[in-house]
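Hello,

Here is the structure I said I would pass on. Please have a look at it first, then read my notes below.

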Amino acid sequence: MVKRIVTGAHYGLRDWLMQRVTAVIMAVYTLVFLAALSCITPVTYDSWRNLFAQGWMRIATFLFLVSAFLHAWVGMRDILMDYVKPVGIRLFLETLVIIALVGCGGLAVQTLWRL
Amino acid sequence: MADATKKRPVYLNLVSIRLPLPGFVSILHRISGALLFLLLLIFGVGWFADSLASPSAFAALKQTFSYPIVRLLLLVALWAYLHHFCAGIRYLLMDLDIGVTLAPARMSSYAVLAVSILLTLFVGSWLLW
């Protein structure tokens with residue numbers, strides 16, 4: 001009788017790689033964002049809005065947010081796997097993390113594409 | 001398979017374990033990551049939506065950002081972001097086999113701690129004050 005340990009399946013290399021690819025995307029965006037921000041300081045509503053209304057910035061911000069949410073998912077799941085041992089509670093918390101991230105993702109996309 | 005469930009001695013007295021510097025940077029990476037997740041969810045996306053919703057919502061947000069307690073929160077968030085950023089670059093370099101031996105790893109740990117605090121003060125004073 002094999003006693004299985006509930007962890008899910010076939011993540012590992014894929015998530016390891018995803019954590020690094022998303023990290024690089026976010027790092028590049030951070031530098032681009034700071035450069036763009038330095039061009040519009042002191043920030044007003046109009047300059048802030050115009051920044052994000054540009055096509056390239058909208059796409060770049062969207063890529064950043066998708067990267068952040070995927071990155072946060074892998075990171076939070078790692079933390080929960082390390083510290084929350086009861087399987088039921090861990091799966092519940094992991095589900096909460098996914099729901100929260102997808103909800104925030106929806107709000108962010110709506111914000112960007114309403115401009 | 002028996003190994004996975006076998007009881008092994010665990011020594012995890014967090015008070016008496018003296019973490020080496022790279023270990024300290026590592027746990028800060030985790031803490032700052034968890035902090036960023038929580039702040040992103042609780043404040044970040046909502047504030048982002050507010051800032052772009054309307055001129056009046058933008059002004060209200062600016063008002064919120066003038067409270068010292070909110071500024072402190074922003075500064076903590078900024079530090080968490082920058083620490084995670086710097087430590088993350090350190091890990092990416094280590095993935096490329098750069099600075100993996102003891103002396104450079106210790107030096108880069110110092111660098112991550114120092115640079116992220118300096119950057120926090122620099123960016124914070126630029127954006128918040």
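The contact between the chains draws 22 residues from chain A and 21 residues from chain B. Keep in mind that this is a predicted model.

Take the chain B side first. Four helices of chain B each put at least two residues into the side that touches chain A: α1 (2-5), α2 (21-53), α3 (55-64) and α4 (68-95). Which of them gives the most? It is α2(B), with 11 residues. By class, this side of chain B has 15 nonpolar residues. Another 4 are polar, and 2 are charged.

Now chain A by itself. Its secondary structure consists of 4 helices and 0 strands. Read from the N terminus, the order is α-α-α-α. Why do I call chain A more spread out than a compact globule? Its radius of gyration is 18 Å, while the globule rule gives 13 Å for 115 residues. The value for chain A is well over that rule, so the chain is more spread out than a compact globule.

The box tells you the dimensions. Along the principal axes, the C-alpha atoms of chain A fill roughly 65 × 25 × 20 Å.

Of its 115 residues, 15% count as buried. Then there are the contacts between residues at least 6 apart in sequence. Of these, 73% join residues at least 24 apart.

Best wishes

Methods. Residues are numbered from 1 along each chain as its sequence is written. Chains are lettered from A and ligands numbered from 1 in the order in which they are written. This is a predicted model: local features need pLDDT of at least 70, side-chain atom pairs count only at pLDDT 80 or more; totals for chains, interfaces and linings use all residues. Two residues are in contact if their C-beta atoms, placed from the backbone, lie within 7 Å. Ala, Val, Leu, Ile, Met, Phe, Trp, Tyr, Cys and Pro count as nonpolar, Asp, Glu, Lys and Arg as charged, and the others, Gly among them, as polar. The radius of gyration is taken over C-alpha atoms; the globule rule is 2.2 Å times the number of residues to the power 0.38. A residue is buried if 20 or more other C-beta atoms lie within 10 Å of its own, exposed if 12 or fewer, and partly exposed in between; C-beta atoms are placed from the backbone.
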